[in-house]
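Me: Hi! I have a structure to look at and I'm new to it. Could you walk me through it?

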Amino acid sequence: LPAGEIIRENMDYPFKEIDYRWNVTNRLAEKFYSMHGVEKIESGFEISKSTSSRQLMITKMCIKYELGRCKRFQSSLERWDEPLYLTNGRDRFRLEFACSECMMRIFSVE
């Protein structure tokens, strides 16, 4: 193929429905998914009108571990009441811990 040539594929996307986590935030992204067979497309979190709590991230980085409060790998006797929250100005995020999997989940707060 010559450099810069675009190949048009008519393959269907493997999912018929996508939610806010696919981050569809403009009409071109919506058009792309529609062209490839997606029937239900939810807007990305940043432009969503929904105020419900949504999972924003799953991470192996854990606040409890970093602060010496991990009940699995550290022997700290002091525990914190949960849920814990991260704040940044007016934004607030609820944290959930899946300690058996060493994962922390971050959620939006209504």
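**Strands and their partners**

Reply: Happy to! Let's begin with a pairing: Ile-58 has Arg-105 in E6 as its bridge partner. Keep in mind that this is a predicted model.

Me: Okay, how many bridges join E3 to E6, and do they run parallel or antiparallel?
Reply: E3 and E6 are joined by four bridges, and the two strands run antiparallel.

Me: And how many bridges join E5 to E6?
Reply: Six bridges there, and E5 and E6 run antiparallel too. As one example of who faces whom, Phe-97 stands opposite Met-104 in E6.

Me: What do E5 and E6 form, and how many residues are between them?
Reply: They form a hairpin, with four residues between the two strands. In the turn, Cys-102 has a positive phi of about 55°.

Me: Let's go inside. Which residues make up the largest nonpolar core?
Reply: There are seven: Cys-62, Ile-63, Leu-84, Leu-95, Phe-97, Met-104 and Ile-106. Strand E5 (91-98) and strand E6 (103-108) are the elements that give two or more residues to this core.

Me: Now the outside. Which residues form a nonpolar patch on the surface?
Reply: Phe-45, Leu-56 and Met-57, which together have about 240 Å² of accessible area. Of these, Leu-56 lies in strand E3, residues 55-59.

Me: Why does Leu-56 count as partly exposed?
Reply: Because its relative accessibility is 33%, and partly exposed covers the range between under 20% (buried) and over 50% (exposed).

Me: Switching to charges: how many salt bridges does the structure hold?
Reply: Six. One of them links Arg-21 with Asp-19, with the closest N and O atoms 2.6 Å apart. Another joins the side chains of Lys-16 and Asp-12, at 3.9 Å from N to O.

Me: What about Arg-94: which residue does it form a salt bridge with?
Reply: Glu-96, and their closest N and O atoms are 2.7 Å apart. Arg-94 is buried, with a relative accessible area of 19%, whereas Glu-96 is partly exposed at 35%.

Me: Why can such side chains pair?
Reply: Side chains of opposite charge can do that when their charged atoms come close.

Technical notes:
Residues numbered from 1 in each chain as written. Predicted model: local features only at pLDDT ≥ 70, side-chain atom pairs only at ≥ 80, totals over all residues. Heavy atoms only, no water. Core = buried A, V, L, I, M, F, W, Y, C linked by side-chain atoms within 4.5 Å. Buried < 20%, exposed > 50% of the residue type's maximum accessible area, 1.4 Å probe, protein only. Patch = residues over 30% accessible without salt bridge, like charges linked within 9 Å, V, L, I, M, F, W, Y side chains within 5 Å. Areas by Shrake-Rupley, 256 points an atom, 1.4 Å probe, with all protein chains shown as cover. Salt bridge = Lys/Arg side-chain N within 4 Å of Asp/Glu carboxyl O. Pairing = 2+ DSSP bridges.
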